[in-house]
Amino acid sequence: MNLSASQQVQEHEYEFPYHWFIRKHTRKGVVFYGYWNRAMCLAGDLKDKMVLDAGCGDGYFAHLLRLAGGDVTGVDYSARSIAFAKLLDETAHFEVANIAKLSFPDGSFDVVFLIEVLEHLTPEERDLILKELSRVLKPGGKLIVSAPSTRMKVIEKHEEHFTPASFETLFRKYFKNIQIYGQDRDDVIGRFFWLTWKLWDNRLWRIKPLAVFWTEKIYSRFINTAQPLQAKRLIGVFEKEKSVA
């Protein structure tokens, strides 16, 4: 498979299964677990449901979904990341696949996750992938998507970030009952939170008890959830149209 420039950057990062080693009570970890936990909460009860993690990378999120009770399949274009996923979670099913052309029958999954994938895709790829994810999703099933908003700088491995309006427009063609939420607050309060964080977690010292308190008691309650226009990340819940008898 020929990789795009942004995919090549991501592939280089998969020399190591880095998602499995992100610490919860660090700046990176609090955001990382923040959007994953938010996505899982929006999905609802996953017990005994057929779940697809599209663009699963090294499989850590698929691992969390399995622990939540889902019957999980993870797919990714990267053979390197899938090798790590199979090694680190032998219970979930993983396979190398092009998300735009999956081998699963129509209506195979109750819930599909597309977490931090959309920003890596070109506009042409996005449409093909959303059409394919709609195909493998059961009628009435949920697609849960997270992606950076335009309040975050576009980095080398990303193609584009999204406004709430552009994010919604992408999915309107194939899904209904669109709900969009914000994650990682980016206003005066959010910026004050991160400024304060530096007082006990910086290059000179790290006061772990304060970092834990700030993560679990402050960030999760006041910063993780935000209005879409004031958020660094967007999380959408999209429903597939039910079949009419």
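Let's start with strands S1 and S4: S1 covers residues 50-54, runs parallel to S4, and is joined to S4 by three bridges. Two strands count as paired if DSSP finds at least two bridges between them. Helices (H or I, at least four residues) and strands (E, at least two) are DSSP runs, numbered from the N terminus. Before we go on, please remember that this is a predicted model: local features need pLDDT of at least 70, side-chain atom pairs count only at pLDDT 80 or more, and totals for chains, interfaces and linings use all residues. Residues are numbered from 1 along each chain as its sequence is written, and side-chain values use heavy atoms, with hydrogens and water left out.

Back to our two strands. Which residue of S4 is the bridge partner of Val-51? Val-111 is that partner, and Asp-53 stands opposite Phe-113 in S4.

Now let's look to the other side of the pairing list. S4 also pairs with strand S5, residues 137-148, in the parallel sense over six bridges. Phe-113 turns up again here, with Ile-144 in S5 as its bridge partner. To get from S4 to S5 the chain goes through helix H5, residues 123-136, and this β-α-β crossover is right-handed.

Strand S2, residues 71-76, pairs with S1 in the parallel sense over five bridges, and Ala-54 has Val-75 as its bridge partner in S2. Together, S1, H3 and S2 make a right-handed β-α-β unit.

Buried means under 20% relative accessible area, exposed over 50%, and partly exposed in between, using a 1.4 Å probe and protein chains only.

Next, charges. Side chains of opposite charge can pair when their charged atoms come close. We call it a salt bridge when a side-chain nitrogen of Lys or Arg is within 4 Å of a carboxyl oxygen of Asp or Glu. How many salt bridges does the structure hold? The structure holds 13.

One of them joins Arg-66 and Asp-89, whose closest N and O atoms are 2.9 Å apart. Arg-66 sits in helix H3 and Asp-89 in the loop between helix H4 and strand S3, so the pair ties together parts that are 23 residues apart in sequence. Arg-66 is partly exposed at 24% relative accessibility, while Asp-89 is buried at 3%.

Another joins Arg-135 and Glu-132, at 2.8 Å between the closest N and O atoms. Both lie in helix H5, three residues apart, about one turn of the helix. Glu-132 is buried at 10% relative accessibility. Asp-106 joins in as well: Asp-106, Glu-132 and Arg-135 are linked in a network of salt bridges.

Finally, the surface. Leu-204, Trp-205, Ile-207 and Leu-210 form a nonpolar patch there, with about 410 Å² of accessible area together. Patches are made of residues with over 30% relative accessible area and no salt bridge, where like charges are joined within 9 Å and nonpolar side chains (Val, Leu, Ile, Met, Phe, Trp, Tyr) within 5 Å. Leu-204 lies in the loop between helices H7 and H8, and is exposed at 72% relative accessible area.

Methods: A crossover is right-handed if, with the strands pointing away from the viewer, the path from the first strand over the helix to the second runs clockwise. Accessible areas come from the Shrake-Rupley method with a 1.4 Å probe; for residues, only the protein chains shown count as cover.
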